[in-house]
Amino acid sequence: MKKINLIFGVHWHAPLSFSDAAFEIVYQDTYKHFLSTLYEIEKFPVVLHYSGIVLEILEKNHPEYLNLLDEIVKRKQAELLGGGFGAKCIFAYHTHSSRST
């Protein structure tokens, strides 16, 4: 069987109009569980993209999340793609990943 490489990526975004209360619900139900589970599965590499809004809210309300994220990045389990403060999506690829014919 031919070996394939899979890149698992996650995009985290919040609308500019998200209230702190609405974000807190999403944080408790999703963000927090995802990152703590990822931390437990050390051999599962990922690429994570956070919009600027999400990073700003996390910095203000949940610095412990960013500390855990820092640990995951330092152990080279995750790579981060930075995000702006809009809803723009930028696709990134490595030129060596293109298929040869």
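Predicted model: local features only at pLDDT ≥ 70, side-chain atom pairs only at ≥ 80, totals over all residues.

User: How much of the chain is buried?

Analyst: Of the 101 residues, 24% are buried.

User: Let's do helices. How do H1 and H2 pack?

Analyst: H1 covers residues 20–40 and H2 covers residues 52–61; their axes are 12 Å apart and the angle is about 90°. Angles from 65 to 115 degrees count as roughly perpendicular, so H1 and H2 are roughly perpendicular to each other.

User: Which residues make that contact?

Analyst: From H1 you have Asp 20, Phe 23, Tyr 27 and Tyr 31, and from H2 there are Val 54, Ile 57, Leu 58, Lys 60 and Asn 61. Sorted by type, the residues of this contact are 6 nonpolar, 1 polar and 2 charged.

User: What about H2 and H3?

Analyst: Those axes cross at roughly 110° and come within 5 Å. H2 and H3 are therefore roughly perpendicular to each other. H2 brings Leu 55, Leu 58, Glu 59 and Asn 61 to the contact, while H3 brings Pro 63, Glu 64, Tyr 65 and Leu 66. That set divides into 5 nonpolar, 1 polar and 2 charged.

User: Staying with H2, which of its residues are buried?

Analyst: Gly 52, Ile 53, Val 54, Ile 57 and Leu 58 are buried in H2.

User: What covers them?

Analyst: The cover includes H1, helix H3 (63–74), strand S1 (9–12) and strand S2 (46–50).

User: New topic: rings. How many aromatic pairs are there?

Analyst: The structure has 8 aromatic pairs. One of them is Tyr 27 with Tyr 65, an edge-to-face pair with 5.8 Å centre to centre and 65° between the planes.

User: Where do those two sit in the chain?

Analyst: Tyr 27 is in helix H1 and Tyr 65 is in helix H3, 38 residues apart, so the pair links distant parts of the chain.

User: Are they buried or exposed?

Analyst: Tyr 27 has a relative accessible area of 3% and is buried. Tyr 65 is buried too, at 2%.

User: Which residues do the ring pairs link into a cluster?

Analyst: Trp 12, Phe 18, Phe 23, Tyr 27, Tyr 31, Phe 34, Tyr 50 and Tyr 65 are linked into a cluster by ring pairs.

User: What lies over the face of Tyr 39?

Analyst: Arg 75 does, at 4.4 Å from the ring centre.

User: Last one: where is Gln 77?

Analyst: Gln 77 is in the loop between H3 and strand S3 (78–81).

User: Is Gln 77 buried or exposed there, and why?

Analyst: Buried means under 20% relative accessible area. Gln 77 counts as buried because its relative accessibility is 3%.

User: What is it in contact with?

Analyst: Leaving aside neighbours within four places in sequence, Gln 77 is in contact with Leu 38, Ile 41, Glu 42, Phe 44, Pro 45, Val 46 and Ile 72. Take Glu 42: Gln 77 and Glu 42 are 35 residues apart in sequence, but 6.7 Å apart in space, C-alpha to C-alpha.

Conventions: Residues numbered from 1 in each chain as written. Heavy atoms only, no water. Axes fitted to C-alpha atoms, helices over the stretch in contact; angles between N-to-C directions. Helix = DSSP H or I, 4+ residues; strand = E, 2+ residues; numbered from the N terminus. Parallel < 35°, antiparallel > 145°, perpendicular 65-115°, else oblique. Contact = heavy atoms within 4.5 Å. Nonpolar A, V, L, I, M, F, W, Y, C, P; charged D, E, K, R; others polar. Buried < 20%, exposed > 50% of the residue type's maximum accessible area, 1.4 Å probe, protein only. Phe/Tyr/Trp six-rings, centres within 6.5 Å; stacked < 30°, edge-to-face > 60°. Lys NZ or Arg CZ within 6 Å of the ring centre and 35° of its normal.
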